[in-house]
Amino acid sequence: MGYIVEMGEIFLAGNYKREKLAFVKGAGTRLFTEDGEEYLDFTSGIAVCNLGHANSELKEVLETQAKLLWHTSNLYYTAPQAKLAKKLVELSFAEKVFFANSGAEAVEAALKLARRFAYENFGKDKNCFIALENSFHGRTFGALSVTGQPKYWEGFEPLVPGIIFVPPNDKKALKKVFNEKVCAIIIEPIQGEGGIYPLDKEFIELTKELCEKFNALLIFDEIQTGIGRTGKLFAYEHFEIEPDIMCLAKALANGLPLSAMLAKEKVMNSLKPGTHASTFGGNPLACAVALKVLEIIGNPSFLKEVSLKGKVLKEKIEKLNKEKPGIIKEVRGIGLLIGIEFNISANEIYNKFLEKKILVTQPKPNIIRLSPPLIINYREIDFFVETFKEIIYSIKS
Ligand SMILES: *Cc1c(COP(=O)(O)O)cnc(C)c1O
């Protein structure tokens, strides 16, 4: 065990289940340990480093901005923040942008905006939220309260009241609970931490329909699915439905802390001066990098490549499953956000990937998630599938 791991084990909070691995350098799809060992990264730091590690174009933007201005607070305007807001509006359904630093903060902002909008337009009794079972929206109290996985609540209750959970894709259950008291419904178009479960188009259409009927807002949590991950800049584009509010974070600044809550102007107008704030939110360094991220990923030919690579990777895994059936139960996902569900526990498979120096994530005991940097090449996809094949054949079943 290296010195970094040892020091971390002594001094860091024990809230993460970490590998005994410390990285000192990244380059593209690769991460390097202190001993110079090389890992192929199929996690992108949980769908964050979509343009890979230490991306040279982003590095240049960061260096330039670092020489100019780091922070002013939101008492003033800065060029990177204003430009990034303009770019996000141009590229999405939204008309206004609020910046924060993490996913959970973007979710908090969305929930607060929805309540405030309902309060101003329909009165204080319209304050309930609908959320989905098996969802994940973050760890702060508000975000945790709309997270539909009781294991994350244990020991932290009481949570924020007024939240109703519905099983994903259950149209009947959704119709049953929707009423005038609902101010918003929050959904992930593809449940990420829940194990890569895309929602049905008809279910999403119904959320929109019911929101319109009951004057509620539709919140899309695209913290994991946004910024090109699914082959569209935002996953809502796959469903031909526009939300009222959207949360972005993870890949927005490719690893610098930045999140955004986007909305139509008439909705965002409820955030009047003093209603909500963040000291660091939209800091110039992160915003400058994010602007470049959107310039690169927002290019239609880049997004087309993501779709194609995702399709090839998924097809190769499905082919492998035909060759050696019984171990893989299902392959799900869109673009380069792929979940592989196994008929067995995925622990052994996860560990074998790690032994073979490929990093993947395991959102559920029997599910492996693949979220490689979007810049991954076909050679690396082939290498991954070859390795996966060796692993599948080595499993005794
Ligand atoms: C990661 C994630 C969050 C939480 O983001 P943090 O930056 O960890 O607070 C919220 N929603 C979804 C869908 C996520 O994937």
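Trainee: How many residues does helix 14 have, and how far does helix 14 reach from its first C-alpha to its last?

Mentor: Helices (H or I, at least four residues) and strands (E, at least two) are DSSP runs, numbered from the N terminus. The expected span of a helix is 1.5 Å times one less than its number of residues. Helix 14 (residues 378–394) has 17 residues and reaches 24 Å, close to the 24 Å expected at 1.5 Å a residue. Keep in mind that this is a predicted model, where local features need pLDDT of at least 70 and side-chain atom pairs count only at pLDDT 80 or more, while totals for chains, interfaces and linings use all residues. Residues are numbered from 1 along each chain as its sequence is written, and side-chain values use heavy atoms, with hydrogens and water left out.

Trainee: Which residues of helix 14 are buried?

Mentor: Buried means under 20% relative accessible area, exposed over 50%, and partly exposed in between (1.4 Å probe, protein chains only). In helix 14 the buried residues are E380, I381, F384, V385, T387, F388, I391 and I392. They cover an arc of only 165 degrees around the axis, which puts them on the same side of helix 14; the arc is that of the directions from the helix axis to the C-beta atoms.

Trainee: Why would residues three or four places apart point the same way?

Mentor: An α-helix has 3.6 residues a turn, so such residues point the same way.

Trainee: What caps the N-terminal end of helix 14?

Mentor: The cap is N377, with a side-chain oxygen 3.1 Å from the backbone nitrogen of R379.

Trainee: Which strands does helix 14 lie across?

Mentor: Contact means heavy atoms within 4.5 Å. Axes are lines fitted to C-alpha atoms, for helices over the stretch in contact, and angles run from 0 to 180 degrees between N-to-C directions. Helix 14 lies across strand 13, strand 14 and strand 17, at about 10 degrees to strand 14. Helix 12 (residues 300–323) also lies across strands 13, 14 and 17, running at about 170 degrees to strand 13.

Trainee: What is the strand order in that open sheet of four strands?

Mentor: Two strands pair if DSSP finds at least two bridges between them. The order is 13-14-17-16, with antiparallel pairing. Its edge strands, strand 13 (328–334) and strand 16 (361–364), each pair on one side only. Neighbouring strands are turned by 25 degrees against each other on average, direction ignored. Two bridges join strand 16 to strand 17 (residues 367–370), and K364 has I367 as its bridge partner in strand 17.

Trainee: Is K352 buried or exposed?

Mentor: K352 is buried, because its relative accessible area is 18%. This lysine sits in helix 13 (residues 347–355). Not counting residues up to four places away in sequence, K352 touches I391 and S394.

Trainee: And what is the order of the open sheet of seven strands?

Mentor: That order is 4-12-11-10-7-5-6, with mixed pairing. Strand 4 (96–100) and strand 6 (163–166) are the edges, each pairing on one side only. The twist averages 20 degrees from one strand to the next. Strand 7 (residues 182–187) and strand 10 (residues 217–221) run parallel, joined by four bridges, and I187 stands opposite F220 in strand 10. Helix 8 (residues 201–213) lies across strand 5 (128–132), strand 7 and strand 10, at about 145 degrees to strand 10.

Definitions and conventions:
A polar contact is a pair of N or O atoms within 3.5 Å; within protein, one must be able to donate a hydrogen and the other to accept it, and residues adjacent in sequence count only if both atoms are side-chain atoms.
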